[in-house]
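Visitor: Hi, I've just opened this one and could use a hand finding my way around. Can we go through it together?

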Amino acid sequence: MSDALPLSWRMVGFQDFLGIRVVAWEPDQVTLELGVEPCHLNRSEIVHGGVLCTLLDVAMSFSGLHCEAPDQLRKAMTLSLTTTFVASAKGDTLRAIGRLEGGGRSTFMASGKVFDSEGKLVAMGEGTFRRRRGSEAEQGKGQ
């Protein structure tokens, strides 16, 4: 993880292990990328569904956690997640887009899509998330 990134853009734990990175983030929408490696593939040598689910989960949750302050952080937990697999991913990069669809101060709903290197839709999903205590305010909080 790079210390040059704003705190809220940094991946930790499993997200960092997979290699997910934020490439664009604005209120109500985030774009993530993942370089496909052999460890992301299943026995059929295509991207594992768990990797696609994780990309959707992270993108959708981040869509409701934007924070302008570079030294602040907002957190959420997933309450529900649905995923539809549309096609096998081609190429060496996946791009996930998460969009905030609605909700309130604590609980929000989001949608997400994952595209492959050719721009083809490979997975989509919807989720419900709860902002962690202290993360309700748009200015966020420290670590």
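Predicted model: local features only at pLDDT ≥ 70, side-chain atom pairs only at ≥ 80, totals over all residues.

Visitor: Okay, is cysteine 39 buried or exposed?

Guide: Cysteine 39 is exposed, because its relative accessible area is 62%. Cysteine 53 counts as partly exposed, at 23% relative accessibility.

Visitor: Let's zoom out. Which helices and strands does the protein chain have, and in what order do they run?

Guide: The protein chain has two helices and six strands, and from the N terminus on the order is α-β-β-α-β-β-β-β. These are DSSP runs numbered from the N terminus: helices are H or I with at least four residues, strands are E with at least two.

Visitor: How much of the chain is buried?

Guide: Of its 143 residues, 38% count as buried.

Visitor: Show me one of those. Where is histidine 40?

Guide: Histidine 40 sits in the loop between E2 and H2. With a relative accessible area of 2%, histidine 40 is buried. Its side chain reaches the backbone oxygen of leucine 18 at 2.9 Å.

Visitor: What else does histidine 40 touch?

Guide: Contact here means heavy atoms within 4.5 Å. Leaving aside neighbours within four places in sequence, the contacts of histidine 40 include Leu18, Leu34, Ile46 and Val47.

Visitor: Val47 came up there. Where does valine 47 lie?

Guide: Valine 47 is in the loop between strand E2 (29-35) and helix H2 (49-63). Valine 47 is buried, because its relative accessible area is 9%. Not counting residues up to four places away in sequence, valine 47 touches Val36, His40, Leu41, Asn42, Leu52, Ala89 and Leu94.

Visitor: How far apart are valine 47 and alanine 89?

Guide: They are 42 residues apart in sequence, and 6.4 Å apart in space from C-alpha to C-alpha. Across the protein chain, 63% of contacts between residues at least 6 apart in sequence join residues at least 24 apart.

Terms used. Residues numbered from 1 in each chain as written. Heavy atoms only, no water. Buried < 20%, exposed > 50% of the residue type's maximum accessible area, 1.4 Å probe, protein only. Polar contact = N/O pair within 3.5 Å; in protein donor to acceptor, adjacent residues only side chain to side chain.
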